[in-house]
Amino acid sequence: MIRSIKQAFDIIDSKVTGIPYEAIDYLRNHETCDELNDKLVYALKNAYSGKAYYSEKHRIMLPAPLWYAVVAEKHLSEELFEPLLEMFTTEEDWDVMNEQAVYLVGLLAKAFPGAFLEKVLFFIEENIKKENKTPYIFCFEALYYAEDNHFERIHAMLDKENFHWVDHYVRVLGDLMRKDTLVKFKEILPKFEGKHTAIELQYYIDVMEGKITDFQKGVAFCEMRDPEWKNHYQHMEQMFASAQSPIQQEVKVNRNDACPCGSGKKYKNCCLQKLS
């Protein structure tokens, strides 16, 4: 039986195989406190950090950040905004972690529709400005919970150049079926003539004008997924049953690569020597 936050942390931080159900439930049901909040912020901020979560013994990235992201569902706070969005600034990723992060984006947008949406819109604007191709696409989930006062700014994104994820952005806005979005789509359609974006725009224009009748409106992922986390993750037990964690597939380290432990040295001159 788990009797303290620290004990639950120790279990999750050292878990290599299996899903730490008891530790996760203990933390989800614990009252929110600084110690727990700090741990959640750290886990999200360092989700893909080899220095924080790479196991030399097992030569894998430990799945602890995923389990803390599950715990975070019950301890939503504004302090999670930045570390969660930072996860979408790296090209290192893991499908299961991305899915959980998208779920958190939706939950935060529902809980903090004003403050979080402002943060997300600024984040998107900055990524477009820098012409980034990193997966900031995952934060678009928050747009499903945008309020009326956000849409002038949301629509303005469509006027920006070098928006790498514009097609997916169009799909999310199309799902919302707003009259002002229809007007905006018609306005910018000529700008994308000859590009795939024009096909996406025309499709949603036709949908919103009633010319396509078999359209199935999309909804936020957090409205579709089973709210009981165990029901969602139980079907993945086989994935976590082996020390060959799926995260390892994202961290294939060659001899001349930077060592995932974060030392700054080449792998052959650092942890590979220790393992040898």
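**Talking through a predicted model**

Student: Which residues does Phe-116 touch, not counting residues up to four places away in sequence?

Tutor: In this predicted model, with residues up to four places away in sequence not counted, Phe-116 touches Phe-81, Leu-84, Leu-85, Val-105, Leu-108, Ala-109 and Ala-142.

Student: And which residues have the most contacts inside the largest nonpolar core?

Tutor: Those are Phe-116, Ile-124, Phe-140 and Tyr-169, in a core that has 86 residues. The largest share of this core comes from α7, which supplies 10 residues. As a general point, nonpolar side chains in soluble globular proteins tend to be buried together.

Student: Let's stay with α7, then. Where is Asn-98, and what is it in contact with?

Tutor: Asn-98 lies in helix α7, which covers residues 95-111. If its neighbours within four places in sequence are left aside, Asn-98 is in contact with Tyr-48, Asp-93 and Phe-138.

Student: Is Asn-98 buried or exposed, and why?

Tutor: Asn-98 counts as buried because its relative accessible area is 5%, and buried means under 20%.

Student: What about Asn-37, buried or exposed?

Tutor: Asn-37, whose place is in helix α3 (residues 34-45), is buried, with a relative accessible area of 5%. Leaving aside neighbours within four places in sequence, the contacts of Asn-37 are with His-75, Ser-77 and Glu-79. The C-alpha atoms of Asn-37 and Leu-80 are separated by 8.5 Å, although these two residues are 43 residues apart along the chain.

Student: How much of the contact in the whole chain is between residues 24 or more positions apart?

Tutor: Among the contacts in the protein chain with a separation of 6 or more, 71% are between residues 24 or more positions apart. The chain has 15 helices and two strands, and buried residues make up 49% of its 276 residues.

Student: New topic: at what angle do α1 and α2 pack?

Tutor: Helix α1 (residues 5-14) and helix α2 (residues 21-29) pack at an angle of about 140°, and their axes are 9 Å apart. Angles over 145 degrees count as roughly antiparallel, so α1 and α2, at about 140°, are oblique to each other. The crossing of α1 past α2 is left-handed.

Note on methods:
Residues are numbered from 1 along each chain as its sequence is written. This is a predicted model: local features need pLDDT of at least 70, side-chain atom pairs count only at pLDDT 80 or more; totals for chains, interfaces and linings use all residues. Side-chain values use heavy atoms; hydrogens and water are left out. Helices (H or I, at least four residues) and strands (E, at least two) are DSSP runs, numbered from the N terminus. Buried means under 20% relative accessible area, exposed over 50%, partly exposed in between (1.4 Å probe, protein chains only). Contact means heavy atoms within 4.5 Å. A nonpolar core is a set of buried Ala, Val, Leu, Ile, Met, Phe, Trp, Tyr and Cys residues joined through side-chain atoms within 4.5 Å. Axes are lines fitted to C-alpha atoms, for helices over the stretch in contact, and angles run from 0 to 180 degrees between N-to-C directions. Angles under 35 degrees count as roughly parallel, over 145 as roughly antiparallel, 65 to 115 as roughly perpendicular and the rest as oblique. A crossing is left-handed if the near helix is turned anticlockwise from the far one by less than a right angle, and right-handed if clockwise.
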